[in-house]
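Work through the exercises below with the sequence and the structure side by side, and try each task before reading its solution.

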There are 2 protein chains.
Amino acid sequence: MTAAAARGRGRPRREEAAGTRARILTAAREEFSERGYDKTSVRGIAKAAGVDSALVHHYFGTKEQMFEAAIEAAVAPVLDAPDALAGAGPSDTGERLTRYFFGVWENPATRTPLLAIVRSAVNNEAAAAVFRRMVVSQLLRRIAGGLDVPDRELRAELAAAQLVGCAMLRYVIKVEPLASADLERIVARVAPVVQGHLTGP
Amino acid sequence: MTAAAARGRGRPRREEAAGTRARILTAAREEFSERGYDKTSVRGIAKAAGVDSALVHHYFGTKEQMFEAAIEAAVAPVLDAPDALAGAGPSDTGERLTRYFFGVWENPATRTPLLAIVRSAVNNEAAAAVFRRMVVSQLLRRIAGGLDVPDRELRAELAAAQLVGCAMLRYVIKVEPLASADLERIVARVAPVVQGHLTGP
């Protein structure tokens with residue numbers, strides 16, 4: 001068999017593998033979103049994707065690793081926030097970060113997987129570990145890395161706490177009047193707080 | 001039978017009933033704390049308390065009503081916050097509320113049931129409804145009621161969002177350095193934010 005023939009035969013297989021991997025990933029995202037981390041099993045994901053459990057383990061490893069891969073795409077827009085902040089002057093970082101954060105939550109396409117991650121992370125230590133590793137380490141460290149102040153990591157986390165608390169009360173627990181309040185009214189009060197945490201005295 | 005004899009026979013029954021009710025309440029609090037709202041059943045609570053399910057329904061009604069009764073004692077210290085604020089001048093409300101909130105979370109005896117409530121409320125609409133009704137309506141409305149500013153309910157909720165977000169990142173998700181940071185460093189940064197939400201411009 002020539003090298004060209006091998007490539008010719010190999011390509012469809014690689015494409016098929018990529019298709020199977022993508023199908024497992026979609027099934028996993030849906031299962032974790034609908035059932036949460038605890039109630040989702042590798043067997044259930046395999047069944048939903050129409051493959052054998054062994055294949056799920058082959059491509060993605062453990063359930064925790066499968067969860068990490070499944071939410072990676074879902075949180076990608078959140079992890080992009082520091083890029084969204086590129087070019088932000090020190091004085092408008094708070095507002096840009098606040099608008100970016102609420103924009104991700106206001107969009108149903110990104111809100112649904114985020115809700116699944118929050119629900120899983122609150123109830124399961126393995127899911128919380130993934131949340132810490134991905135969202136917090138990557139997102140917060142990058143934001144904090146751009147600050148030229150003492151305590152910059154703690155500052156970035158307290159800014160995040162104001163935003164995370166807003167998401168909890170507005171989108172998860174749905175407390176009124178915050179849940180229905182006009183976004184501009186919220187941004188007007190929250191953006192200066194985020195700014196203050198990041199660059200204030 | 002004389003009235004005195006009736007009272008004599010009635011008293012032990014009333015005491016027994018109070019004991020049974022307390023035993024069911026303790027069992028319910030433990031079941032909800034350990035398993036969360038979804039996985040707890042009235043049957044399981046009855047079994048743990050050594051009584052019939054019908055008796056649980058007789059004393060407490062539905063599972064949602066049982067949950068509300070079970071967490072009432074657990075959140076009582078939180079609901080007492082407005083009393084803890086009695087006598088606070090307008091300028092130190094933020095610091096007193098912040099210290100009070102973290103005090104409740106730093107104490108393992110109150111942190112454990114609070115964690116159970118947060119976990120249940122994040123994952124279950126019935127539990128979220130109880131959370132809204134008890135904690136938010138009672139606590140926030142009373143805090144907001146003491147404010148003489150426009151938008152006082154939204155302001156109280158944004159102050160709560162800063163505190164709730166801190167609790168999520170420090171005690172639930174356990175993000176570093178916030179999870180291990182000295183409480184005084186946190187209070188120094190958070191209290192002015194809470195104060196600003198409540199009474200700032």
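The exercises that follow treat chain contacts, a helix pair and some backbone features.

The model is predicted, so local features need pLDDT of at least 70 and side-chain atom pairs count only at pLDDT 80 or more, while totals for chains, interfaces and linings use all residues. Residues are numbered from 1 along each chain as its sequence is written, and chains are lettered from A and ligands numbered from 1 in the order in which they are written.

**Exercise 1.** Describe the side of chain A that touches chain B.

Solution. Begin with the count: 34 residues of chain A are in contact with 34 residues of chain B, where contact means that the C-beta atoms of two residues, placed from the backbone, lie within 7 Å. H9(A) gives the most, with 14 residues.

**Exercise 2.** Work out how H6(A) and H10(A) pack.

Solution. Take the geometry first: helix H6 (residues 93–106) of chain A and H10(A) pack at an angle of about 130°, with their axes 7 Å apart. The axes are lines fitted to C-alpha atoms over the stretch in contact, and angles run from 0 to 180 degrees between N-to-C directions. The two helices H6(A) and H10(A) are therefore oblique to each other, since angles under 35 degrees count as roughly parallel, over 145 as roughly antiparallel, 65 to 115 as roughly perpendicular and the rest as oblique. Then look at the residues in the contact, including Phe102(A) of H6(A) and Val190(A) of H10(A).

**Exercise 3.** Which peptide bond is cis in the stretch from Glu176(A) to Pro177(A), and where does Pro177(A) lie?

Solution. The bond that joins Glu176(A) and Pro177(A) is cis, with omega about 5°, and Pro177(A) lies in the loop between H9 and H10 of chain A. In chain B, the bond from Glu176(B) to Pro177(B) is also cis, with omega near 10°.

Technical notes
Helix = DSSP H or I, 4+ residues; strand = E, 2+ residues; numbered from the N terminus.
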